[in-house]
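Take a look at the structure below. This report walks through a few of its local features.

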Amino acid sequence: MNPERSEEPIPAPEPDGRPIGRRVFLGTLGLGALGVAAAPALQRGLEDFLGGVADKDPTGLTGLLPNGGGFRYYSVAASVPHRTAADYRLTIDGLVDRPRGYSLADLRALPQTRVVRDVQCVTGWRVPGTPFQGVRLSHLLDAAGVRPSAKALRFTCFDGTYTESLTLEQARRPDVLVALRMQDEDIGHDHGGPVRLYVAPMYFYKSAKWLSGITVTDRVRPGYWEDLGYDVDAWVGRSNGRSDDPTS
């Protein structure tokens, strides 16, 4: 999802005619090898470094490398603002009786659910046993008072570009979270923090980063990747022509 990287898949960038120096190429591959071999603290440093480099990488090579946690960085927006505990806001509106906004402190004060599943990207890579923790989306929907005419949800993100969708039935699953923590740490900006969606049984492009809005709608409105041909119902192993093992 953008120069601030996303775990969701993106087609390789079109070549812009600029040559890639041999030193740059070999150095980039060397960093990838270092991430595999290094201790956890050094891996986190590498992850932060790759996150910063991806912003300024015209080649797209950094998007091919795993960071210390096994994730890949991809981009779909020109830039992503940072949000802190002081200025983060999640709004819930649309076909609800009680629209409202949540601060990060509000979300942290709600009952938390921890889910541990494999993360599966539709491009093929998988990160096994990844813990996510946050508020069940169903809890927020119940608090908002979903109207009888509601059928689906549309998610928007503060990168200004990415959108996603779920049916109301999918959104009410117990393994669909408004996530505040990932790998037992607060979700950092590079991984879509401070708050992201986590849809455990679906390919990772459904787990929208930098979540800022949830709108309850009367029908499914395809998200960013669905508009480009990805399946709206993105069950792992049963969509997008793939047969990966289910994640939950």
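The sections below cover a cavity, some strand pairs, a lysine and several salt bridges.

## The model

This is a predicted model.

## A cavity and its lining

A search of the whole structure finds 1 cavity of 30 Å³ or more. The volume of the largest cavity is about 30 Å³. Its lining is made up of D118, V119, Q120, Y198, V199, A200, M202, F204 and T247. Two elements, β3 (113-120) and β9, each give two or more residues to this lining. The most comes from β3, with 3 residues.

What kinds of residue line the largest cavity? The lining holds 6 nonpolar, 2 polar and 1 charged.

## Strands around β4

Strand β3 also takes part in pairing. It runs antiparallel to β4 (residues 126-136), over 7 bridges. Q120 has R126 in β4 as its bridge partner. Q120 is also one of the residues lining the largest cavity. The hairpin of β3 and β4 has 5 residues between the strands. There, G124 takes a positive phi near 125°.

β4 has another partner, β7 (residues 176-182). These two strands pair in the antiparallel sense over 5 bridges. F132 has M182 in β7 as its bridge partner.

## A buried lysine

K209 sits in the loop between β9 (196-199) and β10 (211-217). Is K209 buried or exposed? K209 is buried, because its relative accessible area is 0%, and the cut-off for buried is under 20%. A polar atom of the K209 side chain lies 2.7 Å from the backbone oxygen of D190.

## Salt bridges

The whole structure has 13 salt bridges. One of them joins R100 and D106, with the closest N and O atoms 3.7 Å apart. R100 is partly exposed at 41% relative accessibility. D106 is partly exposed too, at 28%.

Another salt bridge joins D186 and R108, with the closest N and O atoms 3.6 Å apart. D186 lies in strand β8 (residues 185-186) and R108 in helix α3 (residues 104-109), so this pair ties together parts that are 78 residues apart in sequence. D186 is partly exposed, with a relative accessible area of 46%. R108 is partly exposed as well, at 45%. R108, R181 and D186 are linked in a network of salt bridges.

The side chains of R242 and D244 also form a salt bridge, at 2.6 Å from N to O. Here R242 is partly exposed, at 28% relative accessibility, whereas D244 is buried, at 14%.

Conventions. Residues are numbered from 1 along each chain as its sequence is written. This is a predicted model: local features need pLDDT of at least 70, side-chain atom pairs count only at pLDDT 80 or more; totals for chains, interfaces and linings use all residues. Side-chain values use heavy atoms; hydrogens and water are left out. Helices (H or I, at least four residues) and strands (E, at least two) are DSSP runs, numbered from the N terminus. Buried means under 20% relative accessible area, exposed over 50%, partly exposed in between (1.4 Å probe, protein chains only). A polar contact is a pair of N or O atoms within 3.5 Å; within protein, one must be able to donate a hydrogen and the other to accept it, and residues adjacent in sequence count only if both atoms are side-chain atoms. On a 1 Å grid over the protein atoms alone, a cavity is a set of points where a 1.4 Å probe fits but cannot get out, and a pocket is an open set with protein on both sides within 12 Å along at least five of seven lines; lining residues have an atom within 4 Å of a point. Grid points are joined across faces, edges and corners, and a volume is the space filled by probe spheres set on the points. Ala, Val, Leu, Ile, Met, Phe, Trp, Tyr, Cys and Pro count as nonpolar, Asp, Glu, Lys and Arg as charged, and the others, Gly among them, as polar. Two strands pair if DSSP finds at least two bridges between them. A salt bridge is a side-chain nitrogen of Lys or Arg within 4 Å of a carboxyl oxygen of Asp or Glu.
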